[in-house]
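Please read the following note with the sequence and the model side by side. The points are numbered so that each may be checked in turn.

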Amino acid sequence: MRALHIITGLGVGGAEQQLRLLLRHLPADCDVVTLTNPGPVADGLTADGVRVVHLGMAGNRDLGALPRLVRIIRSGRYDLVHTHLYRACLYGRLAARLAGVRAVVATEHSLGDSQMEGRPLTPAVRALYLAGERLGRATVAVSPTVAERLRRWGVPAGRIQVVPNGIDLVRFAFDPVRRHRTRRRLGLPDHARVIGGIGRLHPGKRFDVLITALAGLPADHYLLLVGGGPEESALRRTAREAGVADRVLFTGERPCLPDGGPGPDLPSLTCAMDVFASPSPEEAFGLAAVEALASGLPVLYASCPAIEDLPAHTAPAARRVSGGPEAFVRALAGTRAAAAPGPRGSAEAARHYDITRSAARLMDVYTATVARQPLPTPSSAPSPQGVPSP
């Protein structure tokens, strides 16, 4: 099967890195088109042997990009087109139909209750989304929570498929040698209690909550923020004003998969942490929290459908935190008191999101879409022992 993936951009982000990881496990011949910003994930895909085309789209209203995209789809003779992220879904679905491809799948990565990919969910955004959705065959939700939001929006239930984001369990497994090496490289004291935050540095992630909370914790606590973005300068200023600038470490963007870049990769940085915290109030999945569970970390979160959609016993070290910095101070202090000696093991919830399961489930959607057969039901997907399929 030949498939074309169309995505808005390929900078370092959750959807972008998820696409790269997925293509490593999909038994299909895949090419990728990025509308804008090829970025480091495009370099990684190219290193993996994936053909990446940069469409050079100038902005949301660059209608000249549409005929260029149609030509690419026609010339590639693709069996299926798969779109990712809002702008790519709008242009990609329409281009596929104009090119004569009826097997069109879209993944909804970032639909929250009040925003989508950082944009407010206005009536106009919703109307345009629903108009484009009708041009496809199936819409993939990355969690049952997102699937329910799509149904509330008006997407027919029969067109929605739940294919959770996946992680590479082996790469995120805890390694004490890697932990020691990474902490030394970061200049962290041996006795440091390291709080980890992972994600794009923008206001919606609320990393300022963790910085403020750090000021209320003992001096041996450090905050390791993994990611880049427009909020970094403001967060550094918050750290200075809170008097904890010397205990907040900014690593910049770090790929999930090794690209030969300087510094430790994301799994190594996760090994260096003692607890993971996510104060973001609105998540569509919560991939970083799942990766933290795979590394055996206790997880504190304000919103994480990936954890909340599973039975509580699969992630006993995960806890939802309601409130601001004071609530996180109490919760973080509690994880230290409850810390158990011995090696860190992957939580059962993390094993539910093994990338090989997600890839197999997506291929079932592809096969049915291309053959114009009924889409598979969620209950047909395999589930790990003790964890029901969502």
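1. Ile7 has His84, in strand 4, as its bridge partner. Strand 1 (residues 2-7) and strand 4 (residues 80-84) pair in the parallel sense over 5 bridges; two strands count as paired if DSSP finds at least two bridges between them. Strands (E, at least two residues) and helices (H or I, at least four) are DSSP runs, numbered from the N terminus.

2. The model is predicted; local features need pLDDT of at least 70, side-chain atom pairs count only at pLDDT 80 or more, and totals for chains, interfaces and linings use all residues. Residues are numbered from 1 along each chain as its sequence is written, and side-chain values use heavy atoms, with hydrogens and water left out.

3. The open sheet has 7 strands in the order 3-2-1-4-5-8-9, with parallel pairing. Strand 3 (51-54) and strand 9 (160-162) stand at the edges, and each has a single partner strand, so one side of each lacks a neighbour in the sheet. On average, neighbouring strands of this sheet are turned by 25° against each other, direction ignored.

4. Helix 3 (residues 65-76) packs on the sheet and touches strand 1, strand 2 (29-34), strand 3 and strand 4. The direction of helix 3 makes about 165° with that of strand 1. Axes are lines fitted to C-alpha atoms, for helices over the stretch in contact, and angles run from 0 to 180 degrees between N-to-C directions. Contact means heavy atoms within 4.5 Å.

5. Helix 1 (residues 14-23) and helix 2 (residues 39-47) pack at about 5°, with their axes 10 Å apart. Helix 1 is therefore roughly parallel to helix 2 (angles under 35 degrees count as roughly parallel, over 145 as roughly antiparallel, 65 to 115 as roughly perpendicular and the rest as oblique). Glu16, Gln17, Arg20 and Leu23 of helix 1 make the contact with Val41, Gly44 and Leu45 of helix 2.

6. Helix 5 (residues 123-133) and helix 6 (residues 144-153) pack at about 95°, with their axes 11 Å apart. Helix 5 is therefore roughly perpendicular to helix 6. The contact is made by Arg126, Tyr129 and Leu130 of helix 5 and by Leu150, Arg152 and Trp153 of helix 6.

7. Leaving aside neighbours within four places in sequence, Ser268 is in contact with Arg178 and Thr182.
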